[in-house]
Amino acid sequence: MPRVFRILLLPALALLTLTAWMFSTPVGGGADDDFHLVSTWCASPIDTGSCEPTGDPKTRDVPDDLVEVNCFTGDPEWSAACQAELWASDLRIDTDRGNWDRQYPPVYYAVNGLLAGADYQVSALLMRLLAIVLFLGLTTALFALLPQERRPALLWTWVISTLPLGLSLFGSNNPSTWAYVGVGSAFFALLGWYETEGRRRLALGALFVVSVLMAAGA
């Protein structure tokens, strides 16, 4: 097969696998996804009406859809079908579970807030897809730029750590996804920066900066 096709085949198959897992995991299925979804909508620069002040700096007025999105977790008798009533309601609730007191860095929430819209399911899935695209984009670029002897280590690192941790993160809206991708990518980008020269070294340096911003911002 042509070299370009071989390089792109693996990312294409990985995209298929990760997006399948992304769709199979219901919104709210990740750890503390209710907290992270509320935080994302409240950090959004877009006025969706989904996060309003209450007069108390410790709480926000948000749709019940975001607060109770994990209605099925912790109970093996319930499925995500319990969300049907949430999506159909217009109830709002005051909550103190959110990142307005900066428990987490703001970058992850601000970037994903650009995708926050009135349809919470579609928006949450687009945020997951963004994490997958960033992961595959960084990994493909690293594979192309790293010295050939480093490429197997890059692939094996992700294969071993993705099962099951990575898959569970890509099927969530948890900022740990960015940290997971950022730390691993930054390591290989910096290693390659020390071992290459010229334009390849500059490109690996840029990937290192992007990866660090992802990890630190999450």
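This is a predicted model: local features need pLDDT of at least 70, side-chain atom pairs count only at pLDDT 80 or more; totals for chains, interfaces and linings use all residues.
Next, select cysteine 42 and cysteine 51. A disulfide joins this pair, with an S to S distance of 2.0 Å. The torsion about the S-S bond is about 95°, so this disulfide is right-handed. Cysteine 42 has a relative accessible area of 25% and is therefore partly exposed. The whole structure contains two disulfides; with the bonded cysteines numbered in sequence order, the pairing reads 1-2, 3-4.

Proceed to the aromatic residues, where eleven aromatic pairs are found. Select phenylalanine 35 and tyrosine 104: the ring centres are 5.9 Å apart and the planes meet at 45°, so the pair is tilted. Phenylalanine 35 belongs to helix α2 (residues 33-43), while tyrosine 104 sits in the loop between β3 (92-95) and α5 (107-113); the pair thus links distant parts of the chain, 69 residues apart. Phenylalanine 35 is buried at a relative accessible area of 7%, and tyrosine 104 is partly exposed at 28%.

Now centre the view on tryptophan 41 and tyrosine 120. Their rings form an edge-to-face pair, 5.3 Å centre to centre, with 65° between the planes. Because tryptophan 41 lies in helix α2 and tyrosine 120 in helix α6 (residues 120-145), the pair ties together parts that are 79 residues apart in sequence. Tryptophan 41 counts as buried, at 3% relative accessibility. Tyrosine 120 is also buried, with a relative accessible area of 13%.

Arginine 151 lies over the face of phenylalanine 143, at 5.1 Å from the ring centre. Arginine 201 is placed over the face of tryptophan 193, where the distance from the ring centre is 3.8 Å.

Methods
Residues are numbered from 1 along each chain as its sequence is written. Side-chain values use heavy atoms; hydrogens and water are left out. Rings of Phe, Tyr and Trp (its six-membered ring) pair if their centres lie within 6.5 Å; planes under 30 degrees apart count as stacked, over 60 as edge-to-face and the rest as tilted. Helices (H or I, at least four residues) and strands (E, at least two) are DSSP runs, numbered from the N terminus. Buried means under 20% relative accessible area, exposed over 50%, partly exposed in between (1.4 Å probe, protein chains only). A charge sits over a ring if NZ of Lys or CZ of Arg is within 6 Å of the ring centre and within 35 degrees of the ring normal. A disulfide is a pair of cysteine sulfur atoms within 2.5 Å.
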